[in-house]
Structures are given as structure tokens and as C-alpha cells.
Amino acid sequence: MFSCFIVDLNKRLNYSKVMGNNTKTVLMDTAEALFAEHGYEATSLRNITSVANVNLASVNYHFGGKETLLEAIYARRITPMNEERLTRLSELESQYEAIPVENIVHVFVDPALKLSRDRNKSHFIALLGRSYLEPTPVIQDKVRKMFDEVAERFKNAFAKSLPNMPPKELYWRMHFMVGVLAYCMAGNDMMRMIASSHLSENNGSEMLIKRLVAFVCQGMEAPVAVLIDDEKSAGGTGKVSLEMEI
């Protein structure tokens with residue numbers, strides 16, 4: 001089952017470099033690629049140790065098991081990204097009482113897009129994409145907690161810059177921002193798949209970031225949409241109409 005993939009994996013992991021890494025790194029690199037290709041449930045520890053050319057006991061020694069191995073894979077990619085976000089947000093907070101929305105959006109999306117464009121982290125981006133389609137319950141809560149501080153800090157920054165935004169509306173707009181970012185992280189192949197015309201091959205990362213920031217800012221700063229329940233206001237049909245509130 002894994003024989004053809006093992007040959008390809010050896011090439012992609014570039015073992016001329018990997019062999020210089022320690023066992024813990026080799027295990028994470030190998031597991032990251034196998035989880036991305038076959039899924040968490042379908043990949044056994046024996047599959048991982050066989051491809052990594054290490055003994056099974058090394059997984060228990062370094063990680064304690066398969067679940068904590070997956071958690072470590074997420075942490076080594078997500079933690080540096082979120083640390084950069086928080087550092088850059090702190091710098092903005094020292095400069096502004098209320099940070100311009102464009103700046104907040106930029107420091108949120110830029111580290112994530114840099115991660116997605118790093119060829120050495122392509123397996124993790126594939127794993128991340130797979131996790132949206134095939135959630136792994138054993139790790140979901142732990143991964144979510146990795147974003148708790150980022151979510152709270154950015155929510156507070158947006159709330160200061162958009163003081164008239166109801167908290168529930170702010171939540172939804174941040175939710176949509178994350179969704180658009182996740183889509184862009186999937187890469188040009190995904191965007192070309194549904195685009196009405198082929199995207200230019202000259203769309204570099206900087207241009208993508210500028211377009212994404214401009215798009216998200218329009219959504220974050222748009223007038224607040226208020227849903228009016230006609231059944232309550234007009235006593236009737238149960239329809240929901242959309243009105244705009246300044």
C-alpha cells in the first residue's frame with residue numbers, strides 16, 4: 001500500500017539533508033508527509049518508523065504516542081506563525097491608540113501566507129487542508145487552543161478600531177476573514193480551479209497579500225447588516241429581510 005509512496009516521499013523529504021537532522025525532526029517530517037498523504041487514521045506508527053528508518057520505541061521516547069506526535073507537528077508550524085503575529089501586533093499597539101484596520105489585517109494574514117508559500121512546509125499546508133475536510137477529534141481542541149491568545153488579542157484590536165461594531169458581528173467578520181485566508185493558503189491551483197479565467201502566473205506573494213488585505217478590509221469596515229425578523233415586526237410571514245445600519 002505504501003511502497004510507491006515511500007519512494008516519492010524519500011525524494012520529497014530530501015534525505016541528503018534530513019539525515020543530518022536528529023531523530024525527533026526526522027519523525028515529525030515523515031509523519032507530517034504521511035498524515036498529509038493518507039490521513040491521520042490511515043497512517044500507523046509502524047508506517048512512520050519504517051519510512052523514517054527508526055525504531056518504534058523512538059516515537060514513544062520523543063512523543064509518547066501518535067496523538068502527541070501530531071500535536072507536535074502542528075505546534076512547530078503554528079507557534080512561530082502566531083508568535084510573529086503577536087509580536088507585530090504589539091508593535092502596532094505601541095504606536096496607535098486604535099490601530100488602522102488595514103494594519104491589523106495585514107499582520108494577521110501575512111505570517112500565514114508566508115508559511116503557505118514556504119516550499120519546505122508544503123506537507124504541513126496539505127495536512128492543514130486535509131484537516132478541514134477530515135477533522136481529527138483527538139487533536140482538534142488542542143490545535144484550537146493554540147490560537148486562543150491570537151484570537152483574543154486580534155478581537156480586542158479590531159474592537160478598538162471598530163467601536164460601533166456589535167461583538168457578534170465582529171465575530172462573524174473575523175470568521176469570514178479566517179475562511180478567506182484559509183482558501184488563499186490552498187494556493188493558486190485551488191483558485192484557478194474555480195476561476196472564470198486563468199490567473200496570471202505573475203501573481204507574487206506581495207500582490208496576493210495586498211489584494212487579500214484590501215478585500216478583507218472592505219468586509220471588516222462595511223456598514224453593519226441587521227437582520228430584521230418579519231414575523232416579530234410585521235406579525236406575519238417569518239421572512240428575514242436585510243437592512244443596513246450606519
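Mentor: Gladly! Let's start with accessibility: buried means under 20% relative accessible area, exposed means over 50%, and partly exposed is in between, with a 1.4 Å probe and protein chains only. Keep in mind that this is a predicted model, where local features need pLDDT of at least 70, side-chain atom pairs count only at pLDDT 80 or more, and totals for chains, interfaces and linings use all residues. Residues are numbered from 1 along each chain as its sequence is written, and side-chain values use heavy atoms, with hydrogens and water left out.

Trainee: Why is Asp 141 called partly exposed?

Mentor: Its relative accessible area is 46%. That value falls between 20% and 50%, so Asp 141 counts as partly exposed. Arg 144, at 47%, is partly exposed too.

Trainee: What makes Arg 144 and Asp 141 a salt bridge?

Mentor: A salt bridge needs a side-chain nitrogen of Lys or Arg within 4 Å of a carboxyl oxygen of Asp or Glu. Here the closest N and O atoms are 2.6 Å apart, so the pair qualifies. Both residues lie in helix H9 (residues 137-146), 3 residues apart, about one turn of the helix. Helices are DSSP runs (H or I, at least four residues), numbered from the N terminus.

Trainee: What does the salt bridge of Arg 88 and Asp 110 tie together?

Mentor: Their side chains meet with 2.7 Å from N to O. Arg 88 belongs to helix H6 (residues 66-93) and Asp 110 to helix H7 (residues 101-116), so the pair ties together parts that are 22 residues apart in sequence.

Trainee: How do you know whether Arg 88 and Asp 110 are buried or exposed?

Mentor: Set each value against the cut-off. Arg 88 has 18% relative accessibility and Asp 110 has 8%. Each value is under 20%, so Arg 88 and Asp 110 both count as buried.

Note on methods
Helix = DSSP H or I, 4+ residues; strand = E, 2+ residues; numbered from the N terminus.
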